[in-house]
Amino acid sequence: MGKLMNGINGPFSGKVGAVVGYVSRGKSIMRGLPNINKSRRPSPLQAQQHIKFSLINKFLGPIIPFLNITNKTDNPDLSGYNKAFSYNVKNAISVSPSGMAINYEMVLLSRGDLLNVKQSSAVSATTGKITLSWTDNSGSGQASSGDKAFVAVYCPEKALSWEYGLELAERSAGMLFFDVPGFSGHPAHVYMGFLSASGKEVSDSLYVGAVQVH
């Protein structure tokens, strides 16, 4: 049942006949319901796409707030999460005879014109901690010594699978320590990138590698 929100002349939310009304980013939108034949089985291509969508949604869903910051968009109708979802569903899934899986090396958690570092490494020598180090490239392109590093760590063996942090260290620092106590004893995938000091520019994220957390 639809609901009038501002009287008879205002927008509505919910379903009215063959029309659905809702509000997105402050705009009132009406859409017609698709003509769906429930007895029709999806094609193999459609079924594959459904699996891809499910994989990426499960993978990225827990870090929506992070992705909305690290993926800049000029489109008011496109969230940072939507931008990340669209890229990764097309580029970060490996398909093989045994099925589909996330290709962690191809994942991008941010996309932008700010230069990332070219070399970075991650090790875990202390229980529940990861040490990241990189070669400072301040002064190259738009890279500035005051750019702030962000880190995201994914542990596929844990239900609460992500830990992330923003503005953890300046580019010029060349290293940082990141706490992941819940991942101790498990392998994890490490990503990092940079936001400008103003927060307006962002780099593509870098897949640092897989780490066995001490």
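What follows is a chat about the fold, the cores, the rings and the strands.

Me: What kind of model is this, and how are residues numbered?
Reply: This is a predicted model: local features need pLDDT of at least 70, side-chain atom pairs count only at pLDDT 80 or more, and totals for chains, interfaces and linings use all residues. Residues are numbered from 1 along each chain as its sequence is written, and side-chain values use heavy atoms, with hydrogens and water left out.

Me: How many helices and strands are there in the protein?
Reply: The protein has three helices and 13 strands. Helices (H or I, at least four residues) and strands (E, at least two) are DSSP runs, numbered from the N terminus.

Me: And what percentage of the residues count as buried?
Reply: 35% of the 214 residues count as buried. Buried means under 20% relative accessible area, exposed over 50%, partly exposed in between (1.4 Å probe, protein chains only).

Me: How much of the contacts comes from residues 24 or more positions apart?
Reply: Such pairs make up 59% of the contacts with a separation of 6 or more. Contact means heavy atoms within 4.5 Å.

Me: OK, cores. Which residues have the most contacts inside the largest one?
Reply: Phe 59, Leu 60, Leu 67, Leu 109 and Trp 162, in a nonpolar core of 23 residues. A nonpolar core is a set of buried Ala, Val, Leu, Ile, Met, Phe, Trp, Tyr and Cys residues joined through side-chain atoms within 4.5 Å.

Me: Which elements give two or more residues to this core?
Reply: Helix 1 (44-60), helix 2 (64-70), helix 3 (80-91), strand 9 (148-154) and strand 12 (187-195). Helix 3 gives the largest share, four residues.

Me: What is Phe 59 in contact with?
Reply: Leaving aside neighbours within four places in sequence, Phe 59 contacts Ile 102, Tyr 104, Val 107, Tyr 154, Trp 162 and Tyr 191.

Me: That list has a lot of rings. Which residues form the aromatic cluster?
Reply: Phe 59, Tyr 104, Tyr 154, Trp 162, Tyr 191 and Tyr 207 form one aromatic cluster.

Me: How many aromatic pairs does a search of the whole structure find?
Reply: Twelve. Rings of Phe, Tyr and Trp (its six-membered ring) pair if their centres lie within 6.5 Å; planes under 30 degrees apart count as stacked, over 60 as edge-to-face and the rest as tilted.

Me: Give me one. How do Phe 66 and Phe 150 sit?
Reply: Phe 66 and Phe 150 are edge-to-face, 5.6 Å centre to centre, with 75° between the planes. Phe 66 is in helix 2 and Phe 150 in strand 9, so the pair ties together parts 84 residues apart in sequence.

Me: Is Phe 66 buried or exposed? And Phe 150, buried or exposed?
Reply: Phe 66 is buried, at 0% relative accessible area. Phe 150 is buried too, at 1%.

Me: What about Tyr 154 and Trp 162?
Reply: Tyr 154 and Trp 162 form a tilted pair, 5.0 Å centre to centre and 50° between the planes. Tyr 154 and Trp 162 are both buried.

Me: How many bridges link strand 9 and strand 10?
Reply: Four, in the antiparallel sense. Ala 152 has Tyr 164 in strand 10 as its bridge partner.

Me: What about strand 7 and strand 8?
Reply: Strand 7 and strand 8 form a hairpin with five residues between them. Gly 128 in the turn has a positive phi of about 70°. Strand 7 (residues 120-123) and strand 8 (residues 129-134) run antiparallel, joined by four bridges. Val 123 stands opposite Thr 131.

Me: Last one. What does Gly 174 touch?
Reply: Leu 132, Ser 133 and Trp 134, not counting residues up to four places away in sequence. Gly 174 lies in the loop between strand 10 and strand 11 (175-179). Gly 174 counts as buried, at 13% relative accessibility.

Key
Two strands pair if DSSP finds at least two bridges between them.
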